[in-house]
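Please walk through this structure with its charged residues and its helices in mind. The sequence and the model are shown first, and the explanation follows.

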Amino acid sequence: INNIKYNENNIQELESSVINKEDFFKILPPPPQNTSRSVYEDLLELSEITQSRTKEQEKFILMVDDKVESAFIPFLDEMNLRFPTNITDNFFKTYVENINNIKNYYNRARPFQIADKLGIQIDVIYTETIKTPSYPSGHSVYAFLLEKILSEAYPIHAARFEQIAESVGHARKMQGVHFNTDIQASKKLVNAIYPRFLKLLDT
């Protein structure tokens with residue numbers, strides 16, 4: 001089971017302007033082994049929450065799966081606040097190349113690939129966005145980046161933006177496509193690299 005990867009093929013690393021391979025281990029530890037206690041506990045959690053989700057939760061899951069910004073926009077609209085598209089677009093271009101490098105480097109299997117081997121049932125919502133390795137969660141990385149960007153723009157609402165970012169991570173678990181450790185790694189990654197993104201944006 002420990003040898004199960006998302007993809008058996010080696011994928012070429014993209015040129016990165018923020019994170020190189022030498023930085024990966026400094027920023028994120030390798031994901032837990034497939035036979036670890038944390039993986040087993042994560043799979044049991046996913047089994048429970050994917051089989052008890054509501055139709056309303058499924059609607060939110062699909063909305064976030066399609067576009068992470070959709071989780072934040074209703075609150076911004078309610079508060080009559082502008083979404084900083086010009087800034088987030090620049091962040092997104094850099095974020096994609098970097099997150100894909102990390103995902104491909106660790107090449108972690110998706111939860112359902114391991115759950116099948118352990119006889120644990122996960123009710124997965126399959127979409128196009130899960131055709132990459134699991135660690136860390138790309139959607140969560142972007143959500144935590146948006147949290148930081150919006151919290152700087154509108155600091156009075158920072159606590160609400162944090163709640164929304166966390167809800168995106170939970171949605172990825174409710175979809176059955178990410179371990180909890182994927183979500184926590186995403187938060188750790190953003191905390192480490194956000195200053196680099198700011199510096200790149202200034203440049």
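Arg53 is buried, with a relative accessible area of 12%, where buried means under 20% relative accessible area, exposed over 50% and partly exposed in between, computed with a 1.4 Å probe on protein chains only. The model is a predicted one, in which local features need pLDDT of at least 70 and side-chain atom pairs count only at pLDDT 80 or more, while totals for chains, interfaces and linings use all residues. Residues are numbered from 1 along each chain as its sequence is written, and side-chain values use heavy atoms, with hydrogens and water left out.

The side chain of Arg53 meets that of Glu58 in a salt bridge of 3.2 Å, N to O, a term that stands for a side-chain nitrogen of Lys or Arg within 4 Å of a carboxyl oxygen of Asp or Glu. Glu58 itself is partly exposed, its relative accessible area being 22%. Arg53 also forms a salt bridge with Asp123, with 3.4 Å between the closest N and O atoms. Because Asp123 lies in the loop between α6 and α7 (138-153) and Arg53 in the loop between α2 (37-50) and α3 (55-66), this pair ties together parts that are 70 residues apart in sequence; helices here are DSSP runs of H or I with at least four residues, strands are runs of E with at least two, and both are numbered from the N terminus. Asp123 is partly exposed, at a relative accessible area of 35%.

Elsewhere, Glu128 and Lys131 form a salt bridge whose closest N and O atoms are 3.1 Å apart. Glu128 is exposed, with a relative accessible area of 61%, and Lys131 is exposed as well, with 54%. Salt bridges that share partners join Arg53, Lys55, Glu58 and Asp123 into one network, and a search of the whole structure finds 9 salt bridges.

Helix α3 holds Asp65, which is buried, with a relative accessible area of 7%. The side chain of Asp65 is joined to that of Thr127 by a polar contact of 2.9 Å, and a polar contact of 2.9 Å also joins it to the side chain of Arg172. A polar contact is a pair of N or O atoms within 3.5 Å; within protein, one must be able to donate a hydrogen and the other to accept it, and residues adjacent in sequence count only if both atoms are side-chain atoms.

Finally, α7 and helix α8 (residues 158-174) pack at an angle of about 175 degrees, with their axes 9 Å apart. Angles over 145 degrees count as roughly antiparallel, under 35 as roughly parallel, 65 to 115 as roughly perpendicular and the rest as oblique, so α7 is roughly antiparallel to α8.

Definitions and conventions
Axes fitted to C-alpha atoms, helices over the stretch in contact; angles between N-to-C directions.
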